[in-house]
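User: I am new to this structure and would like to understand the terms used for it. Could you take me through them with care?

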Amino acid sequence: MFDSVPTFDPVPKHDGPILAIVLIAMAGLPGTGKSRLARLLARDLGAVMLSVDPVEDAFLRAGAVHDDVTGLGAYLAVESVAQENLLLGNAVIVDAVNDHPAARQQWIDLAARTGTRLWFVEVYLADERLHRERLVTRGSRYPALPEPGWDSLAARARALADWADPRLRLDASLDDAELLAAAKDWLDG
């Protein structure tokens, strides 16, 4: 019926501002404010926000065991959805701790596969007392995914401290407007 099969470039190329097609991978310890900044950026930029924690929670509610395989599965599920959105031409923000080099490499590989610009944004809290307070007082956000305790963060903090790749580091003690402005300035520059 068709004389030829239509073709298309699955990764549209944009020469505009930062948010044509971009992958922003958040990083940082639980309780620092990564999700808050990811939401602010997604709203402001019209980007798709994909968070690992609710996916892992869904796996657990479906009967999966809480272990490293379930956590990896959540990262892989988010990667698959991120890839589909990038191929559709949507900017994507991934909300995850990304403390392990393999997790960060996953986003580097995805950006390479899709021809997308990748930005890492690490959120931290220099004030340890404030960080502990935020972690403890945020309560249980998901029905099945347990919240990490303060004592569980030391190894993850070391992994992030060893990270030498270029990224934006933002102290989340700033207010929302300051955080958003700093992130957008860096992404534009």
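**Cores and sheet**

Analyst: In this predicted model, the largest nonpolar core has 24 residues, of which Ile24, Met26, Leu37, Leu41, Ile93, Val121 and Leu170 touch the most other members. The largest share, six residues, comes from α1. Residues are numbered from 1 along each chain as its sequence is written. Local features need pLDDT of at least 70 and side-chain atom pairs pLDDT 80 or more, while totals for chains, interfaces and linings use all residues, and side-chain values use heavy atoms, without hydrogens and water.

User: Why is this called a nonpolar core?

Analyst: Because such a core is a set of buried Ala, Val, Leu, Ile, Met, Phe, Trp, Tyr and Cys residues joined through side-chain atoms within 4.5 Å, where buried means under 20% relative accessible area with a 1.4 Å probe, protein chains only. Apart from this core lies another, of 23 residues, including Val52 and Val94.

User: What makes β2 and β3 a pair?

Analyst: Two strands (DSSP E runs of at least two residues) pair if DSSP finds at least two bridges between them; β2 and β3 have four, in the parallel sense, and therefore count as paired. Met49 has Ile93 in β3 as its bridge partner.

User: Which strands are at the edges of the sheet?

Analyst: The open sheet has the order β2-β3-β1-β4-β5 with parallel pairing, and β2 (48-51) and β5 (168-171) are its edge strands, since each pairs on one side only.

User: Which residues does Leu170 contact?

Analyst: Contact means heavy atoms within 4.5 Å, and, leaving aside neighbours within four places in sequence, Leu170 is in contact with residues including Leu37, Val121 and Leu179.

Technical notes. Buried means under 20% relative accessible area, exposed over 50%, partly exposed in between (1.4 Å probe, protein chains only).
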